[in-house]
Amino acid sequence: MQAQTPSLSDQAFFRPADACRYLGIGRTKLHLLSETAPDFPRKVRLSARCVGWRRQELDEWLAKKAGVTA
């Protein structure tokens with residue numbers, strides 16, 4: 001029996017590739033946003049070479065960009 005990988009909507013935490021797919025941007029843009037945009041969610045460092053973003057924070061950022069209040 002093969003384990004299913006969760007869809008993006010099921011994940012609570014996104015590594016960079018998943019965050020890019022979720023936001024519809026490339027890795028360069030993701031890096032630029034995370035380093036220069038003050039309102040972009042802060043990345044979470046899991047180890048020396050592993051970072052990611054919380055989906056809830058990305059959702060809030062997207063809603064703010066769209067002008068939607070939660």
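Start with the overall plan. The model is predicted. The protein has 3 helices and 3 strands. Along the sequence, these elements follow the pattern β-α-α-β-β-α. Of the 70 residues, 29% count as buried. Contacts also reach across the chain. Among those between residues at least 6 apart in sequence, 44% join residues at least 24 apart.

The 3 strands form an open sheet, and their order is 1-3-2. The pairing is antiparallel. Strand 1 and strand 2 stand at the edges, and each has a single partner strand, so one side of each lacks a neighbour in the sheet.

Take the two pairings in turn. Strand 1 pairs with strand 3 over 2 bridges, in the antiparallel sense. Look at F14 here: its bridge partner in strand 3 is W53. Strand 2 and strand 3 also run antiparallel, and 3 bridges join them. S47 has C50 in strand 3 as its bridge partner. These two strands, strand 2 and strand 3, form a hairpin with 2 residues between them.

Is Q11 buried or exposed? Q11 has a relative accessible area of 15%. Buried means under 20%, so Q11 counts as buried. The side chain of Q11 also has a polar atom 3.2 Å from the backbone oxygen of F13.

Next, turn to the core. In soluble globular proteins, nonpolar side chains tend to be buried together. Which residues make up the largest nonpolar core here? There are 12 residues in all: F14, A19, C20, L23, L30, L33, A37, F40, V51, W53, L58 and W61.

Leave out residues up to four places away in sequence, and C20 touches I25, G26, R27 and L30.

L30 leads us to helix 2. An α-helix has 3.6 residues a turn, so residues three or four places apart point the same way. Which residues of helix 2 are buried? They are L30, L33 and S34. Seen down the axis of helix 2, these buried residues fall within an arc of 95 degrees, so they line one face of the helix. On the other side of helix 2, T28 and T36 are exposed. What do the buried residues of helix 2 pack against? Their neighbours are helix 1, strand 3 and helix 3.

Finally, look at the charges. Side chains of opposite charge can pair when their charged atoms come close. The structure holds 4 salt bridges, and three pairs among them are described here.

One joins K43 and E35, whose closest N and O atoms are 3.0 Å apart. K43 is partly exposed, with a relative accessible area of 32%. E35 is partly exposed too, at 46%.

Another joins D39 and K65, with the closest N and O atoms 3.7 Å apart. This pair links distant parts of the chain, 26 residues apart. D39 is in the loop between helix 2 and strand 2 (44-47), while K65 is in helix 3. At 32% relative accessibility, D39 counts as partly exposed. K65 has a relative accessible area of 53%, and it is exposed.

One more salt bridge joins the side chains of R54 and E57, at 3.5 Å from N to O. R54 counts as partly exposed at 40% relative accessibility. E57 is also partly exposed, with a relative accessible area of 26%.

The open sheet has the strand order 1-3-2.

Terms used. Residues are numbered from 1 along each chain as its sequence is written. This is a predicted model: local features need pLDDT of at least 70, side-chain atom pairs count only at pLDDT 80 or more; totals for chains, interfaces and linings use all residues. Side-chain values use heavy atoms; hydrogens and water are left out. Buried means under 20% relative accessible area, exposed over 50%, partly exposed in between (1.4 Å probe, protein chains only). A polar contact is a pair of N or O atoms within 3.5 Å; within protein, one must be able to donate a hydrogen and the other to accept it, and residues adjacent in sequence count only if both atoms are side-chain atoms. A nonpolar core is a set of buried Ala, Val, Leu, Ile, Met, Phe, Trp, Tyr and Cys residues joined through side-chain atoms within 4.5 Å. Contact means heavy atoms within 4.5 Å. Helices (H or I, at least four residues) and strands (E, at least two) are DSSP runs, numbered from the N terminus. The arc is that of the directions from the helix axis to the C-beta atoms. Two strands pair if DSSP finds at least two bridges between them.
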